[in-house]
Amino acid sequence: MSKKPLILGIESSCDETAASIITENEQGIPIVLSNVVSSQVDVHKEFGGVVPELAARSHMEKIDWIVKKAIDDSGKKIEEINAVASTAGPGLIVCLSVGLSFGKAFASALEKPFIAVNHLEGHALSPKLNSELNYPYLLLLISGGHSQYLNVQGLGKYQRLGTTIDDALGEAFDKTAKLLGIEFPGGPQIEILAEKGNPNKYDLPKPIFNKGGCNLSFAGLKTAILRITKDIKTDQEKFDLAASFQKTVEQILYKKTKIAFSEFEKQNDLKEKVFVVAGGVAANKRIRSMLINLCNEENYQSLFPPIEFCGDNAAMIAMVGLEKFKLKQFDNLDHPAKPRWSLDEKAVFLKGAGVQF
Ligand code: KG4
Ligand code: ZN
């Protein structure tokens with residue numbers, strides 16, 4: 001039996017401090033030996049959003065014991081670790097610096113390779129933690145900071161087909177929740193409130209629905225919701241607005257995903273059509289079932305990471321580390337933290353005004 005690599009992954013790009021140890025079996029299927037995630041929800045709750053300084057301080061306070069717990073939980077010894085992989089971007093620079101510096105120091109002390117990981121690549125590869133997944137595949141990445149359709153051709157090979165031109169989808173969920181008076185982070189709560197509401201009560205806008213290919217836009221939705229919430233008086237009206245918001249998001253994703261399918265098919269000579277959905281919003285059950293239905297209609301195989309790997313975690317960072325380790329793609333200890341780090345380096349930065357379609 002060949003000795004399989006043991007990878008330590010570290011994540012601190014935003015408000016989750018996380019560490020994980022993974023390896024793989026004889027067939028090359030990853031095995032998650034430990035997965036420790038500590039959320040800072042309580043730290044940021046009263047501010048209605050992530051406060052970078054507080055987030056960085058919390059990462060610093062926790063990182064030692066989280067990494068220690070990940071190693072202890074794995075049942076392995078520290079000296080058995082073959083490489084250390086840390087998120088290097090994108091994210092809040094003060095937060096990234098904590099996990100990145102810790103990972104570099106750890107790798108250096110162990111005299112083992114260091115691997116700098118793009119957090120988005122972690123999300124992109126997260127379904128590999130429990131499913132076999134071959135390239136190419138179409139990825140919809142929907143998180144608190146990003147909403148993109150990507151043609152994934154291999155490790156490090158991404159072609160962006162569409163992106164949000166303003167807010168990310170998770171951000172739209174969180175902002176809607178805030179307007180409805182729900183504590184941060186409200187995204188998951190919207191899903192719960194929506195179950196009690198009438199999705200046809202409010203007619204909300206669908207920005208760039210009929211133009212812009214598979215690019216997305218959610219800022220107009222927030223503005224419409226702000227206007228409506230001023231007149232909301234009852235809980236039932238709140239539920240109706242949450243349900244109407246959720247339905248509008250489903251309609252937008254249904255249409256844009258269909259466009260992304262045809263773009264993806266134009267770019268690839270496909271033997272099998274695979275659609276992967278990852279990122280925090282991929283935990284939303286209604287969005288999941290709508291996209292699964294669409295895949296059935298369009299003969300796509302749909303793949304979602306398990307809920308525990310949808311949000312930020314270090315197993316997905318270790319997963320990228322494992323793939324890079326096997327290809328001997330190591331990084332130097334002077335690798336910088338990159339607050340902005342696109343998976344498709346050639347893609348133009350669309351955010352902001354003046355985008356022409
Ligand atoms: O991937 P993630 O954990 O962090 C980032 O990299 O951004 O995504 C967090 C986002 C938040 O905006 C959160 O509100 C949203 O994912 N989210 C959800 C659900 N669970 C998490 N949005 C809608 N429905 C959910 N069930
Ligand atoms: Zn994330």
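**Close-up views of a predicted model**

At 64% relative accessibility, Lys328 counts as exposed, and this residue opens a set of close-ups taken from a predicted model.

**View 1. Lys328 and Asn299 both have a positive phi without being glycine.** Let's start with the backbone. Lys328 has a phi of about 55 degrees and belongs to the segment after α10 (315-326). For Asn299, phi is near 60 degrees. Asn299 is part of the loop between α9 and β10 (301-303), and with a relative accessible area of 62% it is exposed too. As a reminder, most residues other than glycine have a negative phi.

View 2. Pro136 is found in the loop between α4 (119-125) and β6 (137-142).

**View 3. Ser86 is a buried residue of strand β4 (residues 83-89).** The relative accessibility of Ser86 is 0%, so it falls under the 20% limit for a buried residue. Setting aside neighbours within four places in sequence, Ser86 touches Ile10, Gly99, Leu100, Gly103, Phe114, Ile115, Ala116, Val117 and Ile317. Look also for Ala314: its C-alpha is 8.4 Å from that of Ser86, although the two residues are 228 apart in sequence.

**View 4. Helices α8 (residues 235-267) and α9 (residues 285-297) pack against each other at an angle of about 35 degrees.** Their axes are 10 Å apart, and the crossing is right-handed. On the α8 side, the contact is made by Gln246, Val249, Glu250, Leu253, Tyr254, Thr257, Lys258 and Phe261. Helix α9 answers with Arg286, Ile287, Met290, Leu291, Leu294, Cys295 and Glu297. By type, the residues of this contact comprise 9 nonpolar, 2 polar and 4 charged.

**View 5. Phe173 and Phe245 form one of the 6 aromatic pairs in the structure.** The ring centres are 4.9 Å apart and the planes stand at 85 degrees, so the pair is edge-to-face. Phe173 comes from helix α5 (residues 169-179) and Phe245 from helix α8, and this pair thus links distant parts of the chain, 72 residues apart. Phe173 is buried at a relative accessible area of 3%, and Phe245 is buried at 0%.

**View 6. Phe261 and Phe275 make an edge-to-face pair.** Here the distance is 5.2 Å centre to centre, with 85 degrees between the planes. Phe261 sits in helix α8 and Phe275 in strand β9 (residues 274-278), 14 residues apart. Both of these phenylalanines are buried. Follow the rings onward and you will meet Tyr300, which ring pairs link with Phe261 and Phe275 into a cluster.

**View 7. The ring of Phe209 has lysines Lys206 and Lys255 over it.** The charged end of Lys206 is 5.4 Å from the centre of the Phe209 ring. Lys255 lies over the face of Phe209, with 4.6 Å to the ring centre.

Notes
Residues numbered from 1 in each chain as written. Chains lettered and ligands numbered in written order. Predicted model: local features only at pLDDT ≥ 70, side-chain atom pairs only at ≥ 80, totals over all residues. Heavy atoms only, no water. Axes fitted to C-alpha atoms, helices over the stretch in contact; angles between N-to-C directions. Helix = DSSP H or I, 4+ residues; strand = E, 2+ residues; numbered from the N terminus. Left-handed = near helix turned anticlockwise from the far one by under 90°. Contact = heavy atoms within 4.5 Å. Nonpolar A, V, L, I, M, F, W, Y, C, P; charged D, E, K, R; others polar. Phe/Tyr/Trp six-rings, centres within 6.5 Å; stacked < 30°, edge-to-face > 60°. Buried < 20%, exposed > 50% of the residue type's maximum accessible area, 1.4 Å probe, protein only. Lys NZ or Arg CZ within 6 Å of the ring centre and 35° of its normal.
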